[in-house]
Amino acid sequence: MLFQEVSDSFEKTKKTTSRLEITSILAGLFKKTKTADIKRLCYLLQGVVQPSFAGIEIGMGEKLAERSVSLTTGQTQKEVEEDYKKTGDLSKTTRNAMQKRKQSSLTKDDLTLEKVFDNLYKISTTSGSGSVEMKIKLLSELLSNARPEEAEIIMKIITGKISSGFAEQTIISALNESREGSKESQEELERAYYLTSDLGDVAEVLFNKGFEEIKKVKPVPFKPIMPALAERLANAEEIIKKLGECVADYKYDGFRLQVHLKNNEIQIFSRRQERMTHMFPDLIEAVKKQVKAKEIIFEGEAISFDEKNQTFLPFQVTITRKRKHEVEKRSKAIPLRLYAFDLLYLDGEDYTKKKYVERRKKLEETIKEGDKIHLSTQKMVKTAEELDRYFNEALKKGLEGVIAKDLNAPYTVGARKFAWIKLKKSYESKIADTIDATIVGYYYGKGKRTKLGVGGLLTAVYDNKNEKFKTIAKLGTGFSEEQLEWFSKNLKPLKEKPENVESILKANVWVEPLIVVTIKADEITKSTIHTCAFKEEQGLALRFPRLTQIRTDKKPSDSTTEKEVIEMFRMQSEKQA
Ligand code: AMP
């Protein structure tokens, strides 16, 4: 397939913000794509050359990319940099430079999708001495054969910006549309993707074998599964009304891990499907000792535990185990316990489709007693009083609350459903739960904070239907000096408001929506200056928001959704009524 087909479609998507239109443009592109190319195309549309959990970034710094542009177009690197300062977008700068290029275009080879993919793949896997020159050469080779609009997309892929125009959900809808699928087949495709986290693979199965085979996709060890998420309800009565007799599980305030084991090899993934195996040598040992299975995928919450005093340690302590350095030292200083709470796959069998009670029973049979891995503590409850009593018991133990689980529900991959309902404490504020929001911009600091650059943050929740971030709070308090410095270092400034952010407020500096923070607030209030729920409630905002945590374990798309905020707002109003 000619790469020009991809760039033509891409040009069309730039002219619209309607998700439906973007979907049908991409569906049109997929219709023209041969099976041999579909995997490559799906990966490139996600800005990767392998599924993201492989952890391989295309990995070409902007400076190197600028050098390639300079080499290809004959502009000096300084000229490229100057234009980049003006546009704030290296892909636009590249397009400009390519348009000005004087060389004859007659000698050009037509770029194919395969060629683009191959060179980007090589760029991502080249390392060691001579790799810098090699990467520049590989990119220059592509650019020199590219039309300006093709060069722009190549650069968008390299700089990780391709996915700001559309997210995975849109690609899945487009795949479905290209094969004239139904709503049902759309759900099957989503499920297959959530089960394997590998869109390229799912698309290939669809193109090769059709929807019937998509239905048969099951978990595969070492491909992370997207986690089931918990819903909220206001209180124990509502939970019992919804679920009837259910099980209440202690809710541990640590981080979620997914353990994969096959033929004695073990890998551990985070909640956002990153491989973290090397961070937890202590847990790996424990899995070897305590898990009786040839092949298994199970989930649990890792939390630091003070064995001497038999108490759980706070999240801030636990999260320090999520570092790449001094792994051994940390694992001794901050021992973890893993509270296993669900089974997804065992010895060739897909457990996600089975009832909760069956999964739990098998999990209990599979994990041997030991001191590191425990089963989550739980109790069957029939009435709201029983549930409340158990909830209070959990709080006394220093836990966050409980999660009620539907005894008959399957494991709802990648989705927030009423199969799990969380109940958290709400002493000090009207809303029990915290909000996870993505930082979309910041304000300059005053006084002591001027020096650090960042003073306040503009944060947004996620409208997952339209793939947009919508603002909900300006955060000005709760930061430690250390966190401010961290923000200054890690926020990625942009020249303009990103396309996937909707905001009435203007930030001093817009940033790439990459970093998620947990916010505690007193209540959700109406506000006409925020875009969250603008259609439904003329805007919702957080009252007295304060930062409680930086959540490097969450992806921007894992932020609390706009829909959830609306539900929380309604729950809160009912409580007051
Ligand atoms: P939240 O992040 O507040 O929506 O709550 C859901 C999270 O609670 C899950 O993603 C897990 O990381 C965590 N969790 C802690 N204990 C449990 C448990 N017993 N069962 C399921 N999830 C749990």
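How many bridges join strand S11 to strand S12? There are five of them, and they link residues 401–405 of S11 to residues 416–424 of S12 in an antiparallel arrangement; one example is Ala404, whose bridge partner in S12 is Ile421. Strands here are DSSP runs of E with at least two residues, and helices are runs of H or I with at least four, numbered from the N terminus, while two strands pair if DSSP finds at least two bridges between them.

The model is a predicted one, in which local features need pLDDT of at least 70 and side-chain atom pairs count only at pLDDT 80 or more, whereas totals for chains, interfaces and linings use all residues. Residues are numbered from 1 along each chain as its sequence is written, and side-chain values use heavy atoms, without hydrogens and water.

S11 and S12 belong to an open sheet of five strands with mixed pairing, in the order S1-S12-S11-S2-S10. Its edge strands, which pair on one side only, are S1 (229–232) and S10 (378–381). Helix H14 (residues 236–243) packs on this sheet and touches S2 (246–251), S10, S11 and S12 (contact means heavy atoms within 4.5 Å); the direction of H14 makes about 155° with that of S12, where axes are lines fitted to C-alpha atoms, for helices over the stretch in contact, and angles run from 0 to 180 degrees between N-to-C directions.

The protein is divided into domain 1 (47–158), domain 2 (229–424) and domain 3 (435–576), with bounds that come from an automatic or database domain assignment. Because domain 2 and domain 3 both give residues to the lining of the second largest pocket, this pocket lies between them.
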